[in-house]
Amino acid sequence: MAHEGDLDVTQRRLLEEQCILVDTDDNVQGCATKRECHLKENIVEQGLLHRAFSVFLFNSKGDLLIQQRADTKITFPGLFTNSCCSHPLYVESEMEENECLGVKRAAKRRLEYELGIPQKEVTLDDFQFLTRIHYKASSDKIWGEHEIDYVLFIQKDVTLAPNLNEVQLCEYMSQGQVRRLLSDSNQDDKVKVTPWFKLIGKDHLFHWWNNLGNLKTLQDHSTIHRM
C-alpha cells in the first residue's frame, strides 16, 4: 500500500496534474488534482469521477503492445495492462470534444512520455476512437480509480524507449498470448492485470482486434458502457 510520503518523487509531482472532472454522462464539471481524483475517500464520499483514456497499440503484424506498470506507480503498481493508460488534462487543447481531439492529443503526449514514442511518428488521425467505459476500482486502502475511459486503437510500427518510472517492461503479444495472460490472471495470484484491461478484454477487445481493418464501423460515440 503506497502512503504518499513513500511515493517516488516524480510520481508525487504528477499528483498535481489537473484532471477533468465529469458527471456520469461525461459532461465536464470542473477539475481536480490527480491526487484528489485517486484518493478512495473522495471517490467513495464525493463520487469524484474523471475522464481518462486507454490506448491499444498494434504493430503492422497485428500484435498488441502490452506493458507492465512500474512499481513506482500510485495505482496498480506492477500490474500488466494495455499499451498506455492515463488522463487528459484540464487545459483547452485536451478538452476539445470534437472528434475526441482533446483525448487524442493527451494520448499522443503520453505515448511519448511513457513509451518514448517520438511525436512525429504518430498523428492524431492515426487514433481510432471505439467507445467509452465507466468503471470504478480499488487499488489499495488509500488509492483507487473512478473513470470514464475513452478507448483508442492505433496500428502503426513505432520506436519504443520506455520510461522506467512508468513502465518496467513492454512487449508485443499475439491474440493467443493476450488471451492466456487474461486467463492466467483469473487463476494465478502472481499474474495480475489492471481492472480496466480485464473488463475491456472480457467484453470487447477481441472483437475489435479481429476487425482492425474495419474499425470505423465499430465506433460508438453515444454509449458509455457501465462496468
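Which residues have the most contacts inside the largest nonpolar core?

## The model and its main core

This is a predicted model, in which local features need pLDDT of at least 70 and side-chain atom pairs count only at pLDDT 80 or more, while totals for chains, interfaces and linings use all residues. Residues are numbered from 1 along each chain as its sequence is written, and side-chain values use heavy atoms, with hydrogens and water left out.

The largest nonpolar core has 28 residues, and those with the most contacts inside it are Phe56, Phe153, Val178, Phe197 and Leu205. A nonpolar core here is a set of buried Ala, Val, Leu, Ile, Met, Phe, Trp, Tyr and Cys residues joined through side-chain atoms within 4.5 Å, where buried means under 20% relative accessible area, exposed over 50%, and partly exposed in between, with a 1.4 Å probe and protein chains only. Among the elements that each supply at least two residues of this core are β3 (50-58), β8 (144-155) and α6 (175-187); helices (H or I, at least four residues) and strands (E, at least two) are DSSP runs numbered from the N terminus. A second, separate core of 25 residues includes Val55, Leu115, Tyr150 and Val167.

Leaving aside residues up to four places away in sequence, Val178 touches Leu64, Ile66, Met173, Phe197, Leu205, Phe206 and Trp209, contact being heavy atoms within 4.5 Å.

## Strand β8 and its partners

Strand β8 is largely enclosed by the rest of the structure, because eleven of its twelve residues are buried. β3 and β8 pair in the parallel sense over nine bridges, and Ser54 has Val151 of β8 as its bridge partner; two strands count as paired if DSSP finds at least two bridges between them.

β7 and β8, in turn, run antiparallel and are joined by ten bridges, one of which links Arg132 with Tyr150 in β8. These two strands, β7 and β8, form a hairpin with five residues between them.

Phe76, found in the loop between β4 and β5 (80-81), has a phi near 55°, a positive value in a residue other than glycine, and at 7% relative accessibility Phe76 counts as buried. Glu99, in the loop between α4 (92-95) and α5 (101-115), also has a positive phi, near 55°.
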